[in-house]
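Good morning, and thank you for joining.

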Amino acid sequence: MDKKIDATDRTILRILQNDCSVSIDSIAEKLGLSKNATWRRIRQLEANGTIRKQVALVDPAALGLGATAVVMIKTADHSADWLRKFRDAIPRLPNIQSAYRLTGDLDYMLRVRVSGIEDYDSFYQKLVELIDFSDVSTSFVMEEIVETTALPVPDPD
């Protein structure tokens, strides 16, 4: 699976990251390529894993999930068994939008969408029921200054 991408592929990635519902015809026109050539390039980007999946981004407020909590976790147990339990617990908590294992003083960070404090408390109770932590600290986001799923697509040097 060769992931080498050229300038045309980079343009396709920029377009699709902005709006994956753009038609093949529209992309082909912007690229000056045929519809078939454009379609093949997109399928190749999918086949080699450069494009992992296409999704619809839903407004959290439309679902009543207008609050974002950043949960910082410390654990005293750094065993493989604890990590397996943690990884198994994450999918059981659908409010978690992202989970990261970190370097430094804190071990894990979760980004969680909830409706408010009461909803977060319910989430927290489920979290601590599933996994033992030495410390959990939560901050609520006051303002989303930047929130994107688009990656920068650098031009080659």
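Predicted model: local features only at pLDDT ≥ 70, side-chain atom pairs only at ≥ 80, totals over all residues.

Arg-84 and Asp-88 are four residues apart in helix α4 (residues 80–89), so about one helical turn separates them; helices here are DSSP runs of H or I with at least four residues, strands are runs of E with at least two, and both are numbered from the N terminus. The two form a salt bridge, with their closest N and O atoms 3.3 Å apart; the term requires a side-chain nitrogen of Lys or Arg within 4 Å of a carboxyl oxygen of Asp or Glu. Salt bridges with shared partners join Asp-81, Arg-84, Lys-85 and Asp-88 into one network.

Residues are numbered from 1 along each chain as its sequence is written, and side-chain values use heavy atoms, with hydrogens and water left out.

The whole structure holds ten salt bridges. One of them pairs Arg-41 with Asp-6, the closest N and O atoms being 3.0 Å apart. Because Arg-41 lies in helix α3 and Asp-6 in the segment before α1, this pair ties together parts 35 residues apart in sequence. Another pairs Arg-14 with Asp-155, also with closest N and O atoms 3.0 Å apart. Here Arg-14 belongs to helix α1 and Asp-155 to the segment after β4 (135–140), so the parts tied together are 141 residues apart in sequence.

Turning to helix α2 (residues 24–31), which residues are buried? They are Ile-24, Ile-27 and Ala-28, where buried means under 20% relative accessible area, exposed over 50%, and partly exposed in between, with a 1.4 Å probe and protein chains only. They lie on the same side of α2 because they cover an arc of only 100 degrees around the axis, taken from the directions from the helix axis to the C-beta atoms. The face turned away from that side carries the exposed residues Glu-29 and Lys-30. Just after α2, Gly-32 takes a positive phi of about 75 degrees.

Finally, the pockets. A pocket is an open set of points on a 1 Å grid over the protein atoms alone, where a 1.4 Å probe fits, with protein on both sides within 12 Å along at least five of seven lines; lining residues have an atom within 4 Å of a point. The largest has 23 lining residues, and those closest to its centre are Gln-17, Lys-53, Thr-149, Ala-150 and Leu-151.
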